[in-house]
Amino acid sequence: MDRLDNTIRPYAWGSPTAIPHLLGVEPTGEPQAEMWMGAHPGAPSRTARGTLVEVIGADPEHELGAGTVAKFGPRLPFLLKILAAGAPLSLQVHPDLAQAKEGYADEERRGIPIDAPHRNYKDANHKPELICALTEFDGLCGFRDPVRTAGLLDGLGVDSLKPYVDLLHAHPEDAALREVLTAVLTADPEEMAHTVAEATAACTRLGGDYAPYADLAHHYPGDPGVIAAMLLNHVRLQPGEALFLGAGIPHAYLSGLGVEIMANSDNVLRCGLTPKHVDVPELLRIVRFEAGDPGVLRPEASPDGEEVYETPIDEFRLSRFVLPEGGTVHDLTLDTPQILLCTAGSVRAGDHELAPGRSVFVPAGEKADVSGPGTVFRATVIV
């Protein structure tokens, strides 16, 4: 197995302290948002044999296994991250596989440069993802029941929100949600900025259920995404709990430290809380206007001690092992590729001692003995 040397991305929303604290190093004073583990060409993990892109490219079947290559091609299908949100991320959705293929082909035909700021589709893949909390973790996920949202908006006492309140009482629910989101994102910018300012003042004054939206507005004053965010469920994960975010589900991470895994894609359509491009027509084509519970996941334990976060897709499978003291060795060998990430304690993986935040890549079929005491997350695929 290969010890990984991973890149930390310094996005502005990152926490300056959470990832350094996990790694046991001094903060630099700069935001540290994400640590990437995998073979994404933008920041591939490094090994003693070269980057993980180079290692896999030299012999895909040996590194990934024949089953993985047959199903997903000669590339690692997932990207594993440690994510540290010190400020809210943009409100966003991801396309399904058919939408991604169609959107990518269309933008290629139209000759839009891959790095153009108004380009939506950087590749032809979908981007389902899972976030598992390492600390208390706040986020927004999926549409709240429209009638409950109407009550929340009405409680602000902002006259310019009353048309949205009336729409949210209409039926069918999916049409009501579509109309309100469309109205928010296409409103006159000056009028919407004034509405957001009034709503922000009310949220700050009222606190309680309104507090997360007051904080959003502090980071993104006047942004229509503040009102769009109020259509969504606010979720607070406890350590070990997770959220699965499928295609078309609007979401945003607000604060906290977590392990994130996703299909290897960069396709994001933004709804707000960002200075970046918002393509409203394409966004409305992708969003699923379905209200419901966000569905907090808790791991399902198996007899061998593996705790699995079940999801409906095959590009990734995330699980964890809480390894006791005493030197008991667990055999984690699989015929699929794995990344093993320590998040607590001290884990021995083969010949490698892993402190928190350290990881290894295990080629398909390679022996993978681990022991604790500590917690290790396993990322792999389903073939």
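How much space lies in the largest pocket? The largest pocket holds about 1000 Å³. A pocket is defined on a 1 Å grid over the protein atoms alone as an open set of points with protein on both sides within 12 Å along at least five of seven lines, and lining residues have an atom within 4 Å of a point. Grid points are joined across faces, edges and corners, and the volume is the space filled by probe spheres set on the points.

The model is predicted, so local features need pLDDT of at least 70 and side-chain atom pairs count only at pLDDT 80 or more, whereas totals for chains, interfaces and linings use all residues. Residues are numbered from 1 along each chain as its sequence is written, and side-chain values use heavy atoms, with hydrogens and water left out.

The domain assignment of the protein divides it into domain 1 (2-140 + 236-281), domain 2 (144-230) and domain 3 (306-380); such bounds come from an automatic or database domain assignment. Between domain 2 and domain 3, the C-alpha centres are 43 Å apart. UniProt, in an unreviewed entry, lists residues 3-144 as "domain: Phosphomannose isomerase type I catalytic". UniProt positions are given in the numbering used here, feature names are shortened, and annotations may be inferred rather than shown by experiment. Over residues 3-144 the chain is 27% helix and 25% strand, with 43 Å between the end C-alpha atoms. Helices (H or I, at least four residues) and strands (E, at least two) are DSSP runs, numbered from the N terminus.

The largest pocket is lined by 42 residues, of which Tyr11, Trp13, Val268, Arg270 and Lys276 are the closest to its centre. Two or more lining residues come from each of strand 3 (34-38), strand 6 (78-85), strand 12 (251-263) and strand 13 (269-272). Strand 12 provides the largest share, 5 residues. By residue class, the lining comprises 19 nonpolar, 11 polar and 12 charged residues. Here Ala, Val, Leu, Ile, Met, Phe, Trp, Tyr, Cys and Pro count as nonpolar, Asp, Glu, Lys and Arg as charged, and the others, Gly among them, as polar.

Which residues does UniProt list for "binding site"? The unreviewed entry names Gln92, His94, Glu129 and His251. Although these residues are spread over 160 residues of sequence, they cluster in space, with a largest C-alpha distance of 12.4 Å. The lining of the largest pocket includes Gln92, His94, Glu129 and His251.

Glu129 belongs to strand 8 (residues 129-133). Its relative accessibility is 2%, so Glu129 counts as buried; buried means under 20% relative accessible area, exposed over 50%, and partly exposed in between (1.4 Å probe, protein chains only). Cys132 has Ala242 in strand 11 as its bridge partner. Strand 11 (residues 242-245) is covered on both faces, with Ala242 and Phe244 buried on one side and Leu243 and Leu245 buried on the other.

The second largest pocket has a volume of about 210 Å³. Its lining includes Arg144, Arg148, Asp209, Tyr213, His234 and Asp293. Helix 6 (146-154), helix 10 (211-219) and strand 10 (232-237) each give two or more residues to this lining, and helix 10 gives the most, with 3 residues. The lining divides into 5 nonpolar, 3 polar and 4 charged residues.

Two open sheets may be considered next. Two strands pair if DSSP finds at least two bridges between them. Strand 16 (residues 317-323) and strand 23 (residues 374-380) run antiparallel and are joined by 7 bridges, and Leu318 stands opposite Ala379 in strand 23.

The other open sheet has 4 strands in the order 17-22-19-20, again paired antiparallel. At its edges are strand 17 (330-331) and strand 20 (352-354); each has a single partner strand, so one side of each lacks a neighbour in the sheet. Strand 19 (residues 347-349) and strand 22 (residues 369-371) run antiparallel with 2 bridges between them, and Arg348 stands opposite Ser371 in strand 22.

Conventions
On a 1 Å grid over the protein atoms alone, a cavity is a set of points where a 1.4 Å probe fits but cannot get out, and a pocket is an open set with protein on both sides within 12 Å along at least five of seven lines; lining residues have an atom within 4 Å of a point.
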